[in-house]
Amino acid sequence: MTDGIDKAREEFFSEAQELVESLSRNLLALDASLKRGTLDPSLVNEAFRAVHTLKGLAGLFGAKRVGALSHRLEDVLDGLRLGRLALTVEVLDLLFRAVEIYSAALAAERSKSDDPLPHLDDIIGEFGRIGSTAPAQKNTLARFELDAAMLAVLTEYEEHRLRTSVEQGLLLYRVRVDFDLATIDKALEDIKARAKVHGEVITYLPTGSATSTDTIELDLLLASSSTEEELRDSLSGERVSVAAIPVRSPASQPKATAPPERDGASRPPPLPSLVPRRGDVVSERAPIMEPPAEQAAALRAVAQTVRVDIRKLDALMNVVGELAIVKNTLGRLAERIRAEGHRQLGSELHSVQRSFDRRLGELQGGILEVRMVPLGQVFDRLARVVRQIGREMDKDIRLVITGAETEIDKLIVEELSDPLMHVVRNAIDHGIEHADERRRVGKPVAGTIALNAFQKGNHAVIEVEDDGRGIDERAILRRAVALGKVGPDDIGQLARNEILNLVFLPGLSTREEASDYSGRGVGMDVVKTNISKLGGVIDLHSETDIGTKLTITLPVTLAIVSALLVRVAGRVFAMPLTSVAEAISLNEAEIRTLDGREVTTLRGVTLPVCRLAKIFGLAPLPGSAPHRRGYIVVASLGSRRLGFAVDDLHGQQDIVIKALGKSLSRVRGFSGATELGDQRVALVLDPAALIEEMFSGEVVRERRLSHG
Amino acid sequence: MADAMRAPASLAERRAPAESLGPREFLSFRLDADTYAVALAGIREIVSPPPVTEVPRAPPDIIGICSVRGLLVTVIDLRRRLRLPEAPPSRLSRILLANTEPGEVVGLFVDEVRQVVRLGASELELTANVLGGDLADHVLGVGRPDGDFVVLLDLNRIVGT
Amino acid sequence: MPKILIVEDSFSMRAFVRSALEGDRAELGDVDVVEATGGFDALRLLPRGPYDLVITDINMPDINGLELIHFIRTNEHHRSTPILLISTQSSERDRARGLSLGADGYLAKPFSVDDLRTAAKAQLARSKPGGTTK
């Protein structure tokens with residue numbers, strides 16, 4: 001029984017996370033709208049609702065600190081939505097800080113830790129100091145002949161919206177719609193979208209008079225500046241009727257506060273702009289100033305989704321992996337049956353196996369799709385970081401996001417957020433110049449950071465580009481020499497991109513003195529390590545005064561991969577096919593030594609060769625036949641290529657990669673292990689790490705050797 | 001078996017206070033010619049060794065990895081860990097799967113599994129006779145069930161949690 | 001077996017209420033809990049009644065809880081269904097409105113599993129044959 005409550009608690013954390021994310025998006029949108037001088041009341045209301053729900057949930061699940069924070073936020077947002085508080089940049093700053101603190105508070109709650117959260121107490125104090133004014137209660141609603149029964153079912157917020165609309169001089173209409181219960185969702189979205197173009201829907205009231213048991217009739221209370229004719233033209237239909245709510249004649253109005261504004265005698269203030277203007281924060285995934293109708297549709301889409309614990313997906317993937325082994329066994333059985341003379345039977349089994357293979361492929365593909373989430377998740381968080389750092393460093397930053405819908409495995413996304421944040425921080429801190437310097441070189445005052453993502457085969461590519469000052473090669477070299485990574489005599493030998501790549505050595509990309517904000521900065525070596533751990537590579541491109549571009553290439557999923565099985569010194573290893581460009585025959589005669597390294601030539605291009613048996617220290621197993629020929633498996637990742645010398649190729653197989661345990665975490669060169677069938681286990685090679693190993697730090701040493 | 005214990009002359013007192021334990025169950029096993037034991041609660045399963053794949057560049061006392069019903073197990077060579085002489089595996093060899101934190105299943109390779117032993121306070125001696133300076137923390141103490149001599153090992157230290 | 005409709009737009013809140021109700025076999029017995037994600041969803045699910053109890057939040061987008069209560073009380077099929085309101089501590093006005101529109105009781109957030117069960121039990125007892133109905 002407590003299982004149920006525990007499970008509900010897990011759901012709570014999941015929902016809380018989503019609420020915080022949705023709050024963050026709302027705040028970003030409010031920020032953008034503030035810059036333009038407009039305000040969409042539904043954004044404030046949504047933010048309020050998110051926090052309100054969070055508060056209620058926190059109370060239910062005993063998350064006191066989350067509840068306390070939510071309570072404060074709720075007060076502020078309620079004040080904002082009821083017009084008691086003005087939305088200023090300072091208030092927004094506080095709200096953004098609160099979003100950051102939420103994550104920490106939720107994490108603490110989830111791990112049931114009692115560690116103090118000083119930021120939480122600070123911000124709660126600051127919220128308390130925001131004053132508010134009670135609105136002057138005018139009897140504006142008396143202006144219209146509103147049905148008392150209808151007024152009675154309005155919540156406080158809805159009443160406020162109604163008052164505000166009336167005060168702004170809008171007219172009120174009742175749009176009566178008859179719905180079929182079966183299709184109410186879609187029909188509702190439809191009428192909402194059409195009505196919202198004209199103004200704000202205050203509330204939806206069931207009329208209680210249904211023509212039949214599978215229909216229902218609703219009244220939409222609409223506040224709009226359009227005329228009755230315009231509304232009729234736009235909305236009326238077979239099941240839709242529009243009626244204006246009559247304005248009370250001045251004589252019967254108890255206490256008019258402003259002259260009635262019919263016939264356009266005085267122009268009502270314009271409705272808040274809902275159309276995004278160019279040059280502001282642009283996001284292709286969710287346009288920041290999306291008209292509310294689309295937002296509602298997006299919300300509906302969310303409601304169609306199912307929440308899945310990623311461990312369940314892992315378990316399903318394991319089963320798929322086991323089924324892959326079954327499939328291979330079936331194949332071998334079919335061969336044996338055929339070999340033993342039962343051709344007909346063998347063929348039938350083979351055809352069963354093929355059909356099994358196809359379905360398995362579909363199943364696997366389906367599960368992989370479920371694990372995939374759009375990169376937009378990470379990009380949203382980055383947008384917050386950009387705003388925060390921009391303000392702290394007093395730099396105006398324009399963020400352009402494209403390709404946020406590109407999907408990648410959820411586990412990878414979780415690990416990406418930190419490295420990307422560091423990259424963006426460095427770009428704003430070191431890359432983008434201050435306003436006067438930018439003016440001097442003729443750049444727009446606002447610096448641009450562009451985040452782009454797209455799929456390339458089995459990889460996802462993420463680009464982070466800035467239009468800042470570019471990487472100062474001389475500074476890098478100076479630093480590298482000072483840290484002893486490069487000998488002073490070798491400076492002249494390094495090619496431009498080798499110099500740029502020095503940035504990835506430990507200690508290179510931090511400031512010499514701590515700046516107020518970012519301390520010494522986070523080293524790019526850490527970023528590179530994190531990306532490598534995910535099986536990806538990172539490339540750097542920079543031009544002085546023009547900007548810097550970082551390209552991160554990642555495998556789309558970690559879970560199940562097609563692999564090439566190879567035999568080295570009698571042992572079987574697996575190499576993910578995504579990194580394999582081709583496999584060629586190994587001809588010892590064609591291997592020569594260049595700069596202390598073995599290389600061969602492939603179609604006129606030099607290809608470095610790595611003998612796996614040698615780097616792994618594998619002696620041939622006793623009793624194994626000496627191999628006559630071998631193969632070179634050419635691995636290519638990003639812009640680098642390496643040929644792995646192996647004894648034999650054992651064909652392709654779909655494998656599920658399982659992580660090696662903690663005790664083996666220091667072993668480099670493997671991304672895990674997989675079961676091949678009959679309980680045999682093969683290690684899975686990590687081409688990225690091996691390529692890294694072959695190339696790292698050897699560049700300069702190599703030069704010295706050959707010229708030494 | 002009383003003389004089988006190859007303890008060096010120097011004895012070191014355990015720094016940790018001796019815990020008072022009620023009767024506890026241990027699983028005893030043989031390594032080379034001696035009997036050792038670990039807390040039974042820490043062992044989830046005993047299996048016949050499946051094919052073990054060696055892991056290049058791994059620490060020397062890790063034999064390799066194997067698969068038990070799809071679960072990846074890191075196999076530790078207890079002989080090597082405890083600095084005992086090497087010997088080829090026999091048909092009696094077994095792997096003890098230990099309960100570790102989620103994320104890794106560790107298997108201990110032993111020469112033979114003996115039995116479950118219940119030790120009361122009087123049969124336990126927690127002030128350890130150590131085998132060697134740096135292995136002091138691997139040994140919990142000594143048990144003497146029915147006069148036999150069993151070295152009690154600290155499972156947590158062995159699996160590295 | 002009592003049939004209970006819970007109208008609430010937060011899914012973890014729905015999960016919480018469901019576990020609380022389903023977990024009390026001793027007192028509540030087996031219950032059939034139907035979840036509505038909001039006012040509209042409730043309208044769609046109402047014809048699948050009759051329900052022995054409706055538990056509804058007040059603040060929901062589109063059709064709010066007050067409107068739902070009004071609808072239920074003016075609908076001949078459901079007008080005697082016991083209704084329990086879920087509201088926040090501070091929204092006194094909304095709570096008062098809800099009661100005056102015909103809700104039978106309310107639970108103010110945050111409430112405990114026991115509070116919920118006690119309230120549910122009390123309302124279910126009213127709709128049983130032999131008990132007093134509205």
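This is a predicted model: local features need pLDDT of at least 70, side-chain atom pairs count only at pLDDT 80 or more; totals for chains, interfaces and linings use all residues.

Colleague: Why is A:Ala569 called buried?

Modeller: The cut-off is 20 or more other C-beta atoms within 10 Å. A:Ala569 has 20 C-beta neighbours inside 10 Å, so it counts as buried. The residue sits in the loop between strand 13 (560-568) and strand 14 (571-576) of chain A, and its phi is positive, near 45°, though it's not a glycine.

Colleague: And B:Arg83, what makes that one exposed?

Modeller: Exposed means 12 or fewer such neighbours. B:Arg83 has 11 C-beta neighbours inside 10 Å, so it counts as exposed. You'll find B:Arg83 in the loop between helix 1 (78-81) and strand 6 (94-98) of chain B. B:Arg83 isn't a glycine either, yet its phi is positive at about 60°.

Colleague: How do you know that chain B touches chain A?

Modeller: A contact needs C-beta atoms within 7 Å. By that test, 18 residues of chain B are in contact with 20 residues of chain A. Strand 4 of chain B gives the most to its side, with four residues. That side splits into ten nonpolar, six polar and two charged residues.

Colleague: Which residue counts go with the contact between chain C and chain A?

Modeller: Chain C puts in 33 residues and chain A 28. On the chain C side, helix 1 (11-22), helix 3 (39-45), helix 4 (65-73) and helix 5 (92-101) each give two or more residues. Helix 1 of chain C gives the most, with seven. By class, the chain C side has 13 nonpolar, twelve polar and eight charged residues.

Notes. Residues are numbered from 1 along each chain as its sequence is written. Chains are lettered from A and ligands numbered from 1 in the order in which they are written. Two residues are in contact if their C-beta atoms, placed from the backbone, lie within 7 Å. Ala, Val, Leu, Ile, Met, Phe, Trp, Tyr, Cys and Pro count as nonpolar, Asp, Glu, Lys and Arg as charged, and the others, Gly among them, as polar.
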